[in-house]
Amino acid sequence: MLDTKNSVAATTERQKNINNINLNTLFNFTKTLDSDVEKFLVIRAFYQLNYFDLESNDREILEELLKPIGGTK
């Protein structure tokens, strides 16, 4: 029973940490990167790692950024 409580507490703490990393923080970080390739890779990694924890409108914003010019994802 104690393991279950610890697991729930750890999951809740993880959710709080993800919610603290919002898109503004991500975009501010990507401004410090030099190349567009680095920016794309960071945004894609963030999107993939946090897909299920993101709000739907945040997902849509990131999906737009990941679309290649003149094409689809």
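**Aromatic pairs and the nonpolar core**

The structure holds two aromatic pairs, where rings of Phe, Tyr and Trp (its six-membered ring) pair if their centres lie within 6.5 Å, and planes under 30 degrees apart count as stacked, over 60 as edge-to-face and the rest as tilted. This is a predicted model, in which local features need pLDDT of at least 70, side-chain atom pairs count only at pLDDT 80 or more, and totals for chains, interfaces and linings use all residues. Residues are numbered from 1 along each chain as its sequence is written, and side-chain values use heavy atoms, with hydrogens and water left out.

The rings of Tyr-47 and Tyr-51 are edge-to-face, because their planes stand at 80°, with centres 5.5 Å apart. The rings of Tyr-51 and Phe-52 are also edge-to-face, since their planes stand at 90°, with centres 5.0 Å apart.

Arg-59 lies over the face of Tyr-51, 4.6 Å from the ring centre (a charge sits over a ring if NZ of Lys or CZ of Arg is within 6 Å of the ring centre and within 35 degrees of the ring normal).

Tyr-47 also belongs to the largest nonpolar core, which has eight residues in all, including Leu-23, Phe-46 and Leu-62. Such a core is a set of buried Ala, Val, Leu, Ile, Met, Phe, Trp, Tyr and Cys residues joined through side-chain atoms within 4.5 Å.

How values were computed:
Buried < 20%, exposed > 50% of the residue type's maximum accessible area, 1.4 Å probe, protein only.
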